[in-house]
Structures are given as structure tokens and as C-alpha cells.
Amino acid sequence: MRIDCPCCGLRDNGEFTYLGDASPARPDGMDASPAAMLDYVYRRDNPAGPHRELWYHGAGCRSWLVVTRDTRTHDIAEVAFARDAARARDAEKAVP
Amino acid sequence: MRYSLLSVLQQAFKGQRDWTPQWRDAAPKASYDVIIVGGGGHGLATAYYLAEQHGIRNVAVLERSHVGSGNIGRNTTIVRSNYLLPGNVPFYEKSMQLWERLEQDINYNAMVSQRGVLNLYHTDGQRDAYARRGNGMRINGIDAELLDQDQVRAMVPFLDFDNARFPIQGGLLQRRGGTVRHDAVAWGYARAASDRGVDIIQNCAVTGIRRENGRVVGVDTTRGYIGAKKVGLAVAGASSQLAAMVDMRLPIESHVLTAFVSEGLKPLIDTVVTFGAGHFYVSQSDKGGLVFGGDIDGYNSYASRGNLATIEDVMEGGMALWPGLGRLRVLRHWGGVMDMSMDGSPIIDKTHIEGLYLNAGWCYGGFKATPASGFCFAHTIANDAPHALNAAFRLDRFATGAVIDEKGVGAQPNLH
Amino acid sequence: MSLALDRATSAAAPATSPATLQPFRTAAGGLIDRSQPLPFTFDGHAYTGVAGDTLASALLANGVRLVGRSFKYHRPRGILSAGSEEPNALVELRTGARREPNTRATVAELYEGLETASQNRWPSLRYDALSINALAAPVFAAGFYYKTFMWPASFWEKLYEPLIRRAAGLGRAAEAPDPDHYDRMHAHCDVLVIGGGPAGLAAALAAGRAGARVILVDEEATPGGRLLAERRTIGALAGTTWAGDAIGELRAMPDVRILSRTTLFGVYDHGQYGAIERVSDHVAVPEEHAPRQRYWRIAAKRAILAAGAIERPHVFGGNDRPGVMLAGAVRAYINKYGVLPGREFAVFTTSDDGWRTVADAVAAGARVVAVIDSRFEVRAGLTQAAVAAGARIMLGAQVIDTAGRPELAAITVMSDAGRTETIRCDCLAMANGWNPIVHLDSHLSRKPVWDARISAFVPGGLPGGMTAVGAAKGQFLLSDCLDGGARAGAAAAADCGFAAVSPPPYTTDPESDAHEPLWRARAGRGKAFVDFQNDVAATDIELAHREGFRAVEHLKRYTTLGMATDQGKTSNMAGLGIMAELTGQPLPQVGTTVFRPPFTPVAIGALAGHHRGQDFRATRHTPSHGWAEANGAVFVTSGQWLRAAYFPQTGETDWLETVRREVSTVRSAVGICDVSTFGKIDIQGRDAIKLIDKVCANAFASLPVGKARYAIVLREDGFVMDDGTVTRLGDTHFVMTASTANAARVMQHLEYAHQWLYPHLDVQMTSVSEQWAQFAIAGPHARDTLRRIIDPAVDISNEAFPFLAAAAITVGGGIAARLFRISFSGELAYELAVPAGYGDAAWRAILNAGASYGITPYGTEALSVMRIEKGHVATAEINGQTTARDLGLGGMMAKKKDFIGRLMKERPALIEPERPIVVGVRPVDPNDRIRAGSHFIGVDVTPGPEADEGYLTSVAFSPVLGQWIGIGLLKNGAQRHGERVRAYDPVRNGDVVVEICAPCFVDPKEEKLRV
């Protein structure tokens, strides 16, 4: 497999470390419920199809990336910096 | 026809004319007492034990493809009960005991071969971790021996003892561990279950699970609706998809594990050996091929193929452990999609939906568990309550914190 | 006549003067060099081949037709093919540590002095004792072993299985480490062309002429494919000439690389391909520094699959007899190798191209006695050469049996009317159509599709960026191969941005690919084999059908069809065809087996490359490594690091003695230990403290500048990930340490927290683990020692620089350094960090400075002893299964902030009072030794699952206490100090009564480290 790192270009997947599904959002602050945290830490959709997931380019630029990959074919539709995705996520959350 | 030397000889003279299909290729009936979804090893074993132990014979096993087409036929055939944690130890030992009498139980030679499983250690820390494991096994009445370097050398002298980057210090040996002919397990259970009245229905994919008033009433399939009082899911690799049909999200990710076989060779290695300083384990099949593997690829996958980074890693481990492998050739590598659970241990439990039972999360250790998994799942379904042996494999253990994390890597499936 | 000759030459080849005796070598022709004789041996007999031979062609040239024994029945087998699909002619190549079992004689290039042997036979190839198995063939039907050998149970391991294992297997592996080495290359190109036959050459030419970067891989020593095996013309040129010209033109192109002797074995995701180049397999020993093989990992924008096709054998009684060969192979041996595989040929064909064999054999001086074509009518003109040769032409007939002892001497032909007759011949050429090589395009789980025109599977959906051309696509006509190849090459180059001009159509000599498949011939007396190597006969497929193994995967696994070293290249289709007949289904509905990499078997050593022995993984050295090595340190592996475990002095005979001295010296004077392996992360920015507070479970907001603090990092599931320290060097500048084992992981975790969880924080970080050498200086004279190397302006008095103080200082006259007053040993101690380049000098300077105090270097063993004496937890306790509470650190958990792991650590099972918690233990009898990994069992309790109360995590011999001590995790441990339990260690025959105590054995009030 090869991942097109937005910083480094097309690189072999051996350079990256996988974390998992990027969709669970960490419940924030002191008032998060155990149930919400349980969901965040343990439960996954695990789709057979497009999957937004976190990869770390540890042997490259050290960027965390959000990769949208089809888990049946490994076709990669999009690769983005995780920080940009996280900021967008947080901005969305901030909107009342 | 009962299988025996006599029947084999008789048929040799009759041109093999009288053999019949090993199991009935059944068409679905309108309804069953129990439907097991998944015609792999665990599902077939469950059906067998339902019929044999609990007298529940109005059972169907639904298989989307053909019997044994999943991981039961893709694994590296190792059986062992050298587990560390209390939740796992008695369960896998039960499985070992069931393996030891499997052929007599089901009248099918699955070639259970107790040739030993040897886990190598390369540091003092690993030695102590294996001592902890071995002592725990012994306390549970399971055989375990901690070998020093000389003892390991006597068993497998061709490994790299003298020039290794991570020299072998010793190993943990379970002599009762070994290998089993994987396909034969599926076929043997299918035949034994079919003989006891179970309908094995192939090419029948479940497309929906119907509920009424909070309890299961049947399943929709590609061969029509089939009613059921109870439904058990045993579809490792696709558990999340089935669970999604009833809006459940599981603590499971699907990952691919690559396995390898070499060309056939005259006997080389008698035991199963695992390398402690890299991802590599190896045994030799009765046919002569070296069967080996390593770590999972490490990313969610439903594609049953691995990629080069992992393949290279496995070969490097092989050469580091056993430099005589160099000129031997890999014949074939293939992938299996497995349920990697969040703590590396399985789930055999009731669900919150009445009549729906779950058998999932086997990671890459499902094969050795096949008999006990069937035994315990059958018990759980028949009694609507878990057996003592699978009491720890609860679905709610992630909420309570009673996780069973042998490797101690936490809620990250790809590290288990 | 031919029979007698065969026996004479193959059974008793003269050992004395073999140089010229190649009775089946043609006088001229072929791509070999008759002027270069190459002596070699087979089963100890000396023979001679010539340059350009394969082992198979050389054996055939010498009249050796019996070369192997089959897997199950030990049937005599010869050479079926002339390529990598060979199922029968497997030999042990070379000897000693270079012995290569199961090598296909058809692809092994001959070299001078090659030693080869047949395999899977005893005592000899011609008289194999286990050929008695063939008599028991009625018993040994498919899957018979699943039905017997079950009684009594213990006999499986003792009797049946050892017998089966000994009989099974094929060749013998070498018994020594592989003496050769292997190379690994990464290559990138625009267009990868897989296969150097006419289609591949045409594709590479078109892409190369357009300017694309092209890699052409081809299995053989010389590309050309079937052009080298057939007598064809392209335009005005002979096919071989055209191929030679094409290769010459490609070689002249600067951006084209031709990899010959290279097999593309696998297609992987996103345009990655694996290939093995056999760099030195055609010589006796690789040249100095040259690898035996080179593994290429190729990343290509476009790939053109021009892998060709494999001819199908016929399934009829006795079809496995040596002398029965594929027709295409017969032509290859004649045209390419100048070898006649027999003197009197018969051809059994169902395809027009099978008839080509007649003219080729006649031209080479052989007799063709008969052509049997199961079709009732053939194209006018097809029979011309056969008529001219005086061969019998038998349309609508089939071969149903063979005879010979064991090499072929005659065939039995049955006419359409059912009349049989015997025809003498010593070589039967089989032509039953061709299967496109759909393996590679199937590796990414794409299924091939049925093409009724050619009765074969062709590529279905291709992997991204790949196109198929020529025979690999089911286009068997040479003109189609050339034109299709050229078009595909031009298109691939265009896709990569190179303007390509399509060449004008190629013209060739007349050709025809008409064919009607025959999945099996009418039943004869002999066994009709489908899978030669695994001895799967047509009757086995019938049995599988009878027993319900009708799905293609069931058929394969039950009968072992297609599971031999050739992976069914010549057998899978016939198996499917017969199953289709039995089930009454159209063939494509029976299905296809899944093709898996590698295409042909690949040496394990090649895929491992240089990663073996000491080079398996990188070795990391600490800054003091050179000094330690020179001073006799004993090293221990810690991940990739080599760390000094202890430093034996002259006269010390035992590691324990050395470690006791090191510990005693530290506790009484001073010692120095290299702790550079710890992870060091430099964290800077306005929000650095906020990030640290999220990542660490204890509180940091209050940490003043110039102070270090112990730090605990949890996983989100509430278990401890790692521990270390965080030091505030400035208002917005921190340095965090992580354990050696977790250094990379903690770095990744911090980046994760920053980039993904808390992206709004203004903070930057980088690992400085390699940039700083760090040494612990510990003991009552630590300060005195340190004063001698730090610059005079730095005040490290207890008042100015108390416990947990930290500062950026200078040493050795202005060299930037960092000093931390932290202690793992419990002594007055510092850690001094200097730029890594000064590490060795600083180490030596400290040793000099402390010499008058009796300083000792100490290693990881002493480090471990002292931390156990102090009850500090380390990797053995922080094993991923313990919480901070388990480790006795629960009280440090912050209450008033959110941090990773905060909620999950409170789950009910993790706060149960019964949960094992860290304790100290010491044997009641001080002479007893305890070992880590022992379990805690009540003193008078019988060991059993219920009695298991925890285990010993770490032990050490304490010089202070003069006895073994340990740390363990014990159920309800905090309440059990003073109680006695057993440290039960059955795997090492240990059973010691120990007393539970607080996990701290030395200076519990921590006075020493504050002086």
C-alpha cells in the first residue's frame, strides 16, 4: 500500500503507524459520562467500505493524517492533515 | 457410513462407489429452534454441540459461501492452551481437552498432532514473563516447561544460536500443543452435525435479523426468510456487519493476517516454534510444507490479502531465527480477515436482544478455540446463560473494566 | 529401436567420456552454443550439456527422460513442460549448504559442474521402494486419511503420522545456514512491462520510444518468450531476430531497464509489484559481493501484463508417463534448445497450433508417426506437413492409454468408433489449448472471467493502472500480440504524459488459434492424472463430487488439486472442466480458485534481504558504548539498544559479584550510569503546559521553572502507558522523558494528543533523544564529582540546587548542558545531559573527576537492583495490565483536571479492593533465592486457580540487605504487609516462603537523596 502524505508525497505504508477509526470524538472535559467515554474508547462501526482513519507518518514528517480508504479495496479517496480535520471538527462543535 | 479402516478397504475394492456426501446440502425449512449464522469452525461446532450435548437438533447453520470458507481454512493450524490470564486459561484448556478426543467424538481424522508449541525468549524480562505464564498454567493443571538455551538447542539445533542479533536464551514449551488439519475440523463437524439432524445450508447469506417486541424471530437471507427462536452469530471477520443489522456497535475491528506455506519438504521441524524477537512462527504440515506467519498488517481490512511491508517483516523474522530457510521457497501467501477485539480476547455472550447470541472477537486465535467455542456457545444458547468457562468473555467487560488483555496494549485492536 | 536406445543411455550413461555424447542433440539450430560444453551430474551420473541449456534440455539431450517421482504414488515422472509451470521434473539442485530442493529442471540454467539429484525416491530413482504405493492406489483415494488412522488415538503421533510425514514432503532442505546473501532494491517507473514475449517487447518498445521510464521483467535469461520457441516471422525477419533487435533497441534507451531472469511474483496495492531477479543462480557460486538473488519492489504508474499463457495437458490414462509432454514444450526443446525429446513423435491435439509440432520435429530430423486430433474436422491445409511427413492423421480419435517401462514406448488410440490400436512412439506431444496467465491480475482479489471463444479464463477487472495484452489476455495470434502490445505500450506512456506514436501494424506468417477443448479423454485402463505432482486423478475428482466436495475450494482442498509447488498451473482447468461435466454446470459456474502470490515460489532469503544474523535489526549504541566495550562491559539488549549490563573487574568471577560491588560503590561513594536511551522530548510553546497536563495523569500546572517532576502517562483506557519526568526549563519550555522501551510510543502519543485531540493548543515538540547524552551520577560523592566538571559559575549546593531542581548549565568550559537532580537509586543523584557529540568525552571526564572518590561505572543490572531496593516500578510492573492504583501511584492522580485516561481508570473492576497491588517481598529464610514470574500462593494452600493471588514482577539480590528481595503484585496487597505467602515457581522447581512488606527496602524516609 502507498499513502500520499500531503507533506512528503506518495510513501510506502511501512513508514506509517495506524491508529484506527477517526470518527469517534473524545468527550471533552470533566463532565463526560462514562457511557460516552466507553463508546469513544471501545465501540467502532468497523465498516466494510469507506473508512476515515488515523495514520501517523512516524518515519517521515511526524504528521498525523486522516486517510479515507475503502477497507474492501484499499482505494484511498483522500488524505488530509489530522490537525486540519480536527480544527474543522472543533469549529463545527463550537457552533451553537 | 462410519469411517474406519474397514470401510476404506471395502471401498477400495468397490471403486469408492458407495461413499455419499459427507454432509447433507440442505435447503432451508420455514423455521428452526436455533439458527447459527456462519458455517465456519465455530458455527459448525456450535451446531454439533447443540445436537450432541443439549439435544437441540432442529438447528440450521447458514453459510453465505460454502462450509469452512472463512478462517477455519486460512489459519496456520496451531492449537495450544498456553494462556496467561485467568479469564482465558480454563477456556483454552477445555478446548485442548476437546481436541484430544475430537476424532473419536466425531469419527473424522482431523490429524490432531500434539507435537509441542515452543515460545522462545531472548531477554531476562521475556523469560520472567514466560515463567509467569508457565507457572499460571501449571497452577491450572496445564503442562508447561521453561527450557534453557541448551534444552532449546537440543530440540531445534538449526536455529540461530550463535550469530543472532537477539540470541535465544530459552523457551516456554507446551508439549500438548501442536497442530490440527484445519479443513478437516470444518468438514468433520459439518458431517457430525449433519448426521445428528442439523441442516447445513450453504450459499445462504443473512441480510437482516428480524425482531418482534424486543426479541429475535428469524433472519432474512438470500434464500428467503427463515424463522428462529434463537439466533447465534458466529461470523468472525464480519461480526460488525451482522451486529449492525440490529444496530449494535461492537468493540471489534476487522484486520487481515497473512499466512504462508513453503514448498513441500522432507521432515525438518517437529514442533511449532515462535520467535520472541520478531514476528514469526513456524511449523511443518504432514504434507511437508512449512506453515508460517507473523503479525497482522495493522489496518482495518476486509480484503483478504496482505501487503509487502508485513510480508518482508515475516521473512526477516524467519531468516533471523532460522538462517537455513534462505533457499527454501514460499509457495503461497494468503490473508484472513479477523475480528480484532479491543482487548485481544473473544466474546461469547448473550446480547441485550432476547434470543440473539454473539460469538465474536477471536483475533488470530480462533482456530485453537474451535471446540470450546462451540461447546460454550451451545451451552450459552441452550441455557440462555454462559458456561463457567466463557463467563469472562462478556460483552460488558469493557464497561466494567474486567478486560482480558494478554498483551497489555489496551484498546487498540491492531496491537493485540 | 528407440526403446533400446533410451534404456541404454538413461540407465547407464558412461561416466568416463561424456563430453560429446548427447544423442538427442540436433546437429544445428537452437539458441545454444554447442562450442561450450558444460559437464554436470544427475544422480551421480556425469553428463554434458551446452551453454544455453536448462537442466531439463540437457537431460533430454542426453536421453534422460525419467527425472522424478510423484508425491503420493511415487510414479515415475519425466519432463512435461519447458517453463516455470513444470509439475514433474523437480530436482535437488547443488549440494551441501546450497542444496535447493524442488527446483524445476525446466528453469534451472545449466552451468559447469552443476550437481543435481532426483528426490522423493529410495533407494534410487529407477527402483523406488515406495512405488509400491501405486499398487495401493485404490485405497489411497482422495481424502482417505480423513476416514482412518483414528484408532487408537495415541497411535496418530506415535505411528501413523511419523510414517506419513516421512513418506510425504518432496526434496530435502539444506542442513546449514544459507551461505549466500540477498539484495533488496526499490525501483520506480512509469510503465512496468511484465513479460518479454512478443506482446511485452512490442509494449516496451512503444512506451520506451515515447520516452517513458520503462522496466521490462522477463523470467528467462533472454527475453523473447514464444518467439524463441517457435519458428515464426515478423515482417521480413525471423521471430528470434526480431526479438533480438527489439532487445537491442530497448537496451540502448537510457530510461529503459530490462530485468531478465526476473519473475514478477506478486501484485500489491497501489501500483506496487514484487519481483525476484536471479542474479547468480546460473553460476556455481555468486561472484564476490554479488547477491544470489535480488528482490525488487517496483512502484509503477502503469503496468502492462504480457505474461503469456500456459498450455493445457490432456487427461487420459497413463498421461503421466515420461515422454508425454506439452506440444509447446516439445517445440521449445527443438527450436530453442536444439534437443529432440524423442525420435518417433505422436501428437495428440485439439488445437491448430498443436499441428505446428509436426513440421518442427520433421525439420529437426525426427519422425512423426501420428497426429491424433479429437476434432472431426480441421481447417484445410492444417494437415499438410503431417501428410508430407507420412504421419497417420487420426481425426475424431483420442489417446486413451500409454505403455513403456517406464518411459513412453507406445500409445493406445481410440477412434470415434471405439476401435483401439497401439502406436509405437517415444514422445507424445499434447496440445489442448492454452490458459492465459491470469494469476497476477487476480492477486488483488479480482476474479477472471470466462471467454467462450478460447474456452479459458481471461483477466476480469484489472488492478488499477494495469492492462493485459497478448496471450495473457487470450489473444493467441502473434499479430494480435504485437499490435495489442504496441497499442498498450503507447497508451500507458500517454497516461504518464508522454506523447506516443502507434507503430504501423505488424505482419506475420499465417497462423490460426482454432481450438476445441477436451477436458478428459475417454476412459482407458490407466490412471488419468489431472494434477501430476499431487497425483490427483480424474477418479479423485469423481470421488470428491460423490462426497459433496463440489465447490471449487472444496474440490481443491479435499483432493489437493492445484496445491502442489506448481499451484495447479497445468491442472486447475482440467479439474474444473471435469467437475463441470459431473455437475452438469457450465464450466464458469463451477468457479475459479483464488490465485495467490507468489506466481512461482520465492526464496525466503530473498524476501528477507540483508535482515538476518546481526543485521536483522539495527543496533543502537549509547554515547559511552566505545568506552564500555573497551573496558570489558557485558551488554544487554534493550529493544534496539545495546546497554552495558555490568562492568566486570579483574578477579570478579560472577555477574552477581560485579553487580554487588557496583551497587555498594554507588551507595557508599559514587557511580555513573549511561541513561541516554531514555526518550527525551523537547516541548515548547505558550500552551505547552496545557498539553502536558492533558497527557500526564498527575498535576503540572503548578510546576515552577527550574523543577523536575515525576510524570505518569495513562492510556485512554485508564491503564498506565509509561512513566518519566517533566522538567520546566523555562516558562514555555519543557523537556519530558520516557522509558527506553516506550520512547517512540510516547512521542507518537504526544503528537496525537496535540494534532488530533487538542489542535488549538499553541505548542511544538520534537524528539531530542539522539541529541542529548545523559548520565546518572549517583552516590554520596555525586555532588563532589560533578563540581569538578561543571563550570565554576554553576552553584549546585543543596540549597541552590535541591532535590528535583533542574537547570540549563555549562560544563567543561562553556559547553551547553542540562542538569537534573533526580534519583532512581535513592541516593544523592543527578542526571547530566550534554550534546551527544560530547557524550563520550563527558563520560570520561566524569570518571576522571570521580576517580579519587572511587567512582564506578554501573550498568542496567545495578540500576535495577537499586530501583527494586527503593521499590520504584519499571517495565516489569508497567506492563500494560496495571493501573496507577495497582502500582501504588493512585494518590498522585489529579482530581481537578481532565486528562487522558481519567474516566476509564475508575471502572468498577479497576478499583476493586481485591485487585493485585504492588508489594515488597523478602524470603523468610534469607538464604532462599526467589525468581520473577513466581506466583503467590497461600502458605498451606494447594496450588490451583482459586489459590493464585498474584505474582512476583521483579527480583534482585540486595547488597544492603544481604538477601534476595522482590516486588510483586498481590491481591489486596496493601493490607497484607507482614503476612507470609509462597513464591511458587513450578517451572523452575521453586517454592519459597516470603514475607510481604512495603515496596521499599532502603532509606524509606528518603533522606539520602535530599542531603
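**Exercise 1. Across the chains**

Which residue stands opposite C:Ala603 in strand 31 of chain C?

*Solution.* The model is predicted.

Step 1. B:Arg329 stands opposite C:Ala603.

Step 2. Now the strands. Strand 16 of chain B covers residues 329-341. Strand 16 of chain B pairs with strand 31 of chain C in the antiparallel sense, over two bridges.

Step 3. Widen the view to the whole interface. On chain C, 94 residues are in contact with 89 residues of chain B. Helix 3 of chain C gives the largest share, six residues.

Step 4. Sort this side of chain C by class. There are 43 nonpolar, 24 polar and 27 charged residues.

**Exercise 2. One strand, two partners**

Take strand 5 of chain C, residues 90-93. Work out which way its residues point and which strands pair with strand 5 of chain C.

*Solution.* 

Step 1. Start from the rule. In a regular strand, side chains alternate between the two faces of the sheet.

Step 2. Apply the rule here. C:Leu90 and C:Glu92 point one way, while C:Val91 and C:Leu93 point the other way. All four residues are buried, C:Glu92 included.

Step 3. Find one partner. Strand 6 of chain C (residues 100-104) pairs with strand 5 of chain C in the antiparallel sense, over three bridges. Within strand 6, C:Glu100 is the bridge partner of C:Leu93.

Step 4. Check the hairpin of strands 5 and 6 of chain C. Six residues lie between the strands. In this hairpin, C:Arg94 takes a positive phi near 65°.

Step 5. Find another partner. Strand 7 of chain C (residues 114-118) runs antiparallel to strand 5 of chain C, and three bridges join them. In strand 7, C:Ser118 is the bridge partner of C:Val91.

**Exercise 3. The build of chain B**

Does the radius of gyration of chain B agree or disagree with that of a compact globule?

*Solution.* 

Step 1. A compact globule of 416 residues would have a radius of gyration near 22 Å. Chain B has 21 Å, so the value agrees.

Step 2. The C-alpha trace of chain B extends about 65 × 65 × 40 Å along its principal axes.

Step 3. Look at one residue. B:Phe13 sits in helix 1 of chain B (residues 5-13). B:Phe13 is exposed because its count is 10 other C-beta atoms within 10 Å, and the cut-off for exposed is 12 or fewer.

**Exercise 4. Two domains of chain B**

How far apart do the C-alpha centres of domain 1 and domain 2 of chain B lie? Describe the side of domain 1 of chain B that touches domain 2.

*Solution.* 

Step 1. The centres lie 28 Å apart.

Step 2. Count contacts. In chain B, 26 residues of domain 1 are in contact with 26 residues of domain 2.

Step 3. Name contributors. Helix 3 (89-100) and helix 8 (239-244) of chain B each supply at least two residues to the side of domain 1. Helix 3 of chain B gives the most, three residues.

Step 4. Sort by class. This side of domain 1 of chain B has 12 nonpolar, 11 polar and three charged residues.

Notes
Residues numbered from 1 in each chain as written. Chains lettered and ligands numbered in written order. Predicted model: local features only at pLDDT ≥ 70, side-chain atom pairs only at ≥ 80, totals over all residues. Buried ≥ 20, exposed ≤ 12 C-beta atoms within 10 Å, placed from the backbone. Pairing = 2+ DSSP bridges. Contact = placed C-beta atoms within 7 Å. Nonpolar A, V, L, I, M, F, W, Y, C, P; charged D, E, K, R; others polar. Rg over C-alpha atoms; globule rule 2.2 N^0.38 Å. Domains from an automatic or database assignment.
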